[in-house]
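Please look through the structure shown here.

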Amino acid sequence: MNDKEFSAILLRLAVAATVCDGHCDEKEIEIVRTWAKTDFYLQNIDQEAEIESILHEAINDIFKFLHKSLEALNLIDFSLIQKIIVINLILAVIKADNVIQDSEINFVKTIFRNLKLSEEVVETIFGTWWIISADINPG
């Protein structure tokens with residue numbers, strides 16, 4: 001898989017993360033937009049139009065979109081670095097609204113399984129990803 005294909009898959013997965021809890025939070029979409037603006041391989045497309053198109057597809061049938069997006073992970077041989085990039089972006093998206101729903105945890109765990117990563121490996125790399133740390137304001 002080339003880098004351009006990887007970026008396209010990653011964009012779909014990031015959008016899937018925004019809708020996996022049944023609604024589309026603007027803070028989560030903003031993470032996707034910010035990432036898309038910095039991704040080298042998405043520079044030659046109308047990113048906003050692409051994101052809106054994928055969002056439209058996702059919102060029309062969330063279950064079908066999630067199933068299709070997750071199923072695609074089984075068909076591709078990701079490198080370890082690509083797997084880490086996927087998890088990193090997905091975690092950033094689901095944490096953006098400062099609430100992690102059970103459906104988001106299940107979505108992420110399904111991604112782990114489909115990428116053939118154990119929860120222990122992910123926890124070693126990302127820590128307790130399912131917990132949102134509150135900002136501590138000393139004094």
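A salt bridge is a side-chain nitrogen of Lys or Arg within 4 Å of a carboxyl oxygen of Asp or Glu. By this criterion, Glu 26, Glu 30, Arg 33, Glu 48 and Glu 52 are linked in a network. The model is predicted: local features need pLDDT of at least 70, side-chain atom pairs count only at pLDDT 80 or more, and totals for chains, interfaces and linings use all residues. Residues are numbered from 1 along each chain as its sequence is written, and side-chain values use heavy atoms, with hydrogens and water left out.

Arg 33 and Glu 30 both belong to helix α2 (residues 26-38) and are 3 residues apart, about one turn of the helix; helices (H or I, at least four residues) are DSSP runs, numbered from the N terminus.

Elsewhere, Glu 119 forms a salt bridge with Lys 109, with 3.7 Å between the closest N and O atoms. Glu 119 lies in helix α7 (residues 119-126) and Lys 109 in helix α6 (residues 102-114), so this pair ties together parts 10 residues apart in sequence. The whole structure has 7 salt bridges.

The protein chain as a whole contains 7 helices and 0 strands, strands being DSSP runs (E) of at least two residues. Along its principal axes, the C-alpha trace of the protein chain spans about 50 × 30 × 30 Å.
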